[in-house]
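User: Please take a close look at one part of the model below and tell me how it is put together.

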Amino acid sequence: MVHSYFCATFFILSTLSFTSAFTPQHYSDALTKSILFFEGQRSGNLPANQRVKWRANSALHDGSSANVDLVGGYYDAGDNVKFGLPMAFTTTMLAWSIIEFGDNMKSELGNAKAALRWSSDYLVKAATATPGTLYVQVGEPYSDHRCWERPEDMDTPRNVYKVSAQNPGSDVAAETAAALAAASIVFQDSDPSYSHKLLQTAMNVFDLANKYRGSYSDSLGSVVCPFYCSYSGYNDELLWGAAWIHRATQDASYMSYIQSNGHMMGSDDDDFSFSWDDKRAGTKVLLAKNFIENKIDQFQLYKQHSDNYICSLIPGAPNSQARYTPGGLLYKQGQGNLQYVTTSSFLLLTYAKYLDSNGGQASCGSSMVTSQTLIVQAKKQIDYILGDNPMKMSYMVGFGDRYPTRIHHRGSSVPSVRNHPDRITCDAGHQYFSSGSSNPNTHVGAIVGGPDSNDNYGDERSNYSQSEPATYINAPFVGAAAFFSGH
C-alpha cells in the first residue's frame with residue numbers, strides 16, 4: 001500500500017522552504033557567469049569576441065608531435081592539460097543542459113552553444129584526425145603539475161596520447177560518442193550540416209569503443225592515472241553512449257543494443273553517484289524518459305532504478321542514504337565535492353521535468369515523491385553553492401559579495417600577459433602560488449571544489465581539494481541555473 005503522508009508532508013515542507021534570498025534575476029546572473037567561466041578555460045586561438053580578457057592564445061601547436069591538429073578544447077581545471085575523459089563529459093553535460101533547459105536561457109543561449117561548440121569542435125578533431133584512432137589527451141601531466149605557469153607561457157611537453165584497436169579505450173571513446181551525439185541534438189535546427197557531422201562522428205567513435213573493448217586506464221596507465229582513472233570501468237560509458245545516440249537518431253539498432261547489453265552494463269544495479277567517471281545514474285534517468293513519456297515497457301526498469309537514485313537523495317525518504325553536511329550540502333568526498341552536488345541537482349531537475357510531462361511521481365519504497373519535492377531539494381543545493389550556507393559565502397567566483405579569491409588555478413593566479421608581457425617561467429610562477437594575495441585575475445563563474453564535511457572552507461591555493469574549479473563542476477550547473485532563472 002502506498003502511503004500518502006510522506007508525499008503530503010514533504011510537499012508542505014517543500015512549499016514553505018521554496019522561498020529564499022535568491023530571485024530569478026540572481027539565477028540569471030549565476031547562469032551568465034557559469035557560462036563565462038568556460039572562456040577562461042579555453043585552449044587554442046581565442047576568437048575576436050573573447051570576453052575574458054586576461055586570457056590569450058595558448059597551446060597553438062598541440063598535436064604537431066603526431067602531425068595532427070589538436071588545437072582548441074578546454075583545460076580541465078587549474079592546470080594546463082587537456083584530459084579527454086572529463087572534457088567529453090563536460091561536453092555531454094553542457095549539451096544536456098541546453099537540450100533540457102535551453103528555453104530558459106534566453107539571451108545566454110548563444111553563449112551556451114558557443115561554449116559547447118568550443119569543445120565539440122575539438123572532439124571532432126580528436127576523433128577524425130587519424131582513422132581508427134581517438135586522441136584523448138594533450139600534455140604530459142607530471143611535468144605540467146610540477147610547474148605553476150599560465151597557459152600562454154607553457155613550455156612543458158605537449159605529448160599526445162591516443163586510443164585505438166591496439167590500445168583500447170572504450171570508456172573515453174564511448175563518452176566522446178555520447179558528447180558528440182548530445183551536441184548533435186543541440187545544433188540540429190541551427191546548423192544541420194554540423195549536427196550531421198557530429199552524429200556521424202559519434203557513431204564511428206562508438207563503433208571503435210564497442211568493437212575494441214578495454215579501459216584507457218589499462219592502455220595509458222600512469223599518463224591518465226591517478227588524474228582521471230576510469231575507476232568504474234567502461235561498461236557504463238558504452239550504455240551511456242548508446243543511449244545518447246539512440247536519443248539523437250531514434251535508430252532501433254541502438255535500442256536493441258541497450259536491451260541486449262543493458263544487464264551486463266549496469267542496468268540491473270543501483271548506483272548513487274554521477275560523475276565524469278561513473279555514468280550509471282545519468283544513463284538511467286536518460287533512458288527512463290522513454291518509459292515515463294512514451295510508455296515503452298522495455299525501459300520500465302530504468303524508471304525503477306532512477307526512482308531509487310532520486311529517492312536516495314531525499315532526506316527523510318524511506319530509501320534515503322545520501323550524506324549531508326550540518327548545513328545541508330550533499331557530501332560525497334573531500335576532493336571536488338561540488339561536482340557531485342551539481343550533477344545530482346541536474347538529475348533531480350531533469351527527472352522532475354520528465355515526471356511533470358506525464359503527471360508522474362517517483363516511488364520511494366511505500367511512499368510517493370512529487371516532482372516539486374525534487375525541485376526543492378535541487379534548489380537547496382544550488383542555493384548553498386550561491387551563498388545560502390553556514391559560511392555565508394558563494395562558492396562561485398564573482399557571484400555575491402563574498403567568494404573565493406585564491407583559487408587553485410594557474411591562469412587566474414599568475415599575472416596576465418596583458419599586465420605582465422614578459423615570460424614567467426615554470427619555477428618563477430611558484431611565487432604566485434605561494435602568495436597570500438588574492439588572484440590578480442578574477443575567474444568569474446568558476447565553481448570551486450567546495451567546503452568540507454563540516455561546511456568549512458579554506459580559501460588557499462594549496463588546498464586544491466576545496467579551491468580548484470573544473471569544467472565538469474560548471475557544466476551541469478549551467479542547466480540547473482537555467483531552470484531556476486525561468487521559475
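Is the crossing in which H2 passes H18 left-handed or right-handed?

Analyst: H2 passes H18 in a left-handed crossing, a term used when the near helix is turned anticlockwise from the far one by less than a right angle, with right-handed for clockwise. The model is predicted, so local features need pLDDT of at least 70 and side-chain atom pairs count only at pLDDT 80 or more, while totals for chains, interfaces and linings use all residues. Residues are numbered from 1 along each chain as its sequence is written, and side-chain values use heavy atoms, with hydrogens and water left out.

The axes of H2 and H18 come within 8 Å and cross at roughly 155°. That makes H2 roughly antiparallel to H18. Helices are DSSP runs of H or I with at least four residues, strands are runs of E with at least two, and both are numbered from the N terminus. Axes are lines fitted to C-alpha atoms, for helices over the stretch in contact, and angles run from 0 to 180 degrees between N-to-C directions. Angles over 145 degrees count as roughly antiparallel, under 35 as roughly parallel, 65 to 115 as roughly perpendicular and the rest as oblique.

On the H2 side, the residues in contact (heavy atoms within 4.5 Å) are Pro24, Tyr27, Ser28, Ala30, Leu31, Ser34, Ile35, Phe37 and Phe38. Their partners in H18 are Thr471, Asn474, Ala475, Phe477, Val478, Ala481, Ala482, Phe484 and Ser485. By class, the contact of H2 with H18 holds 13 nonpolar, five polar and no charged residues. Here Ala, Val, Leu, Ile, Met, Phe, Trp, Tyr, Cys and Pro count as nonpolar, Asp, Glu, Lys and Arg as charged, and the others, Gly among them, as polar.

Asn67 has phi near 60°, a positive value in a residue other than glycine. Most residues other than glycine have a negative phi.

H18 (471-485) also supplies at least two residues of the lining of the largest pocket, as does H13 (338-356). That pocket is lined by 31 residues, and Phe227, Gln335, Tyr464, Glu468 and Tyr472 lie nearest its centre. Its lining has 15 nonpolar, ten polar and six charged residues. A pocket is an open set of points on a 1 Å grid over the protein atoms alone, where a 1.4 Å probe fits, with protein on both sides within 12 Å along at least five of seven lines; lining residues have an atom within 4 Å of a point. About 690 Å³ of space lies in the largest pocket, the volume being the space filled by probe spheres set on points joined across faces, edges and corners.

H13 in turn packs on another helix. The axes of H13 and H14 (residues 371-386) come within 9 Å and cross at roughly 155°. That makes H13 roughly antiparallel to H14, and the crossing is left-handed. The contact of H13 with H14 has twelve nonpolar, five polar and one charged residues.
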